[in-house]
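Here are my notes for you to read alongside the model. Please keep the picture open and find each residue as it comes up.

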Amino acid sequence: MDAQRKYTVITGASSGIGYATAKAFAKRKKNIILVARRENKLNELKRELLQEIPELDIVIKAVDVS
């Protein structure tokens, strides 16, 4: 991550509202940190978003925030 850039953290990004939120922020060209338990789903979402908007910086973190 670049210290000068701004990021939006989205929890639960692998499905549901978190997934939809990640897509919405990406369409607005916001750099995002995707957080969820399922790393494979996070990687899929990251690939999908970068295909649409390759200039984004997307960081994934597989954690359980409960």
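The points below go from the ground rules to the strands, the helices and the core.

1. Ground rules. This is a predicted model, where local features need pLDDT of at least 70 and side-chain atom pairs count only at pLDDT 80 or more, while totals for chains, interfaces and linings use all residues. Residues are numbered from 1 along each chain as its sequence is written, and side-chain values use heavy atoms, with hydrogens and water left out.

2. The paired strands. Please start with strand β1 (residues 7-11), which runs parallel to β2 and is joined to β2 by five bridges. Helices (H or I, at least four residues) and strands (E, at least two) are DSSP runs numbered from the N terminus, and two strands pair if DSSP finds at least two bridges between them.

3. The crossover. Together, β1, α1 and β2 form a right-handed β-α-β unit. Right-handed means that, with the strands pointing away from the viewer, the path from the first strand over the helix to the second runs clockwise.

4. Helix α1. This helix has 12 residues and reaches 17 Å from its first C-alpha to its last, close to the 16 Å expected at 1.5 Å a residue; the expected span is 1.5 Å times one less than the number of residues. Which residues of α1 are buried? They are Gly18, Ala22, Lys23 and Ala26. Down the axis of α1 these buried residues fall within an arc of 135°, so they line one face of the helix; the arc is that of the directions from the helix axis to the C-beta atoms. Gly16, Ile17 and Lys27 are exposed on the other side of α1. Buried means under 20% relative accessible area, exposed over 50%, and partly exposed in between (1.4 Å probe, protein chains only).

5. A lysine to check. Leaving aside neighbours within four places in sequence, lysine 23 is in contact (heavy atoms within 4.5 Å) with Leu45, Glu48, Leu49 and Glu52.

6. Helix α2. The buried residues of α2 are Leu42, Leu45 and Leu49. Seen down the axis of α2, they fall within an arc of 65°, so they line one face. They pack against α1 (16-27), β2 (31-36) and β3 (58-62), whereas the face turned away carries the exposed Arg47 and Gln51.

7. The core. Within the largest nonpolar core, which has 14 residues, Ile32 and Leu34 have the most contacts. At least two residues of this core come from each of α1, β2, α2 and β3. A nonpolar core is a set of buried Ala, Val, Leu, Ile, Met, Phe, Trp, Tyr and Cys residues joined through side-chain atoms within 4.5 Å.

8. Isoleucine 32 lies in strand β2 and is buried, with a relative accessible area of 0%. Not counting residues up to four places away in sequence, isoleucine 32 touches several others, including Tyr7, Phe25, Leu49 and Val59. With neighbours within four places left aside, leucine 34 has contacts that include Ile10, Ala22, Leu42, Leu45 and Ile60.
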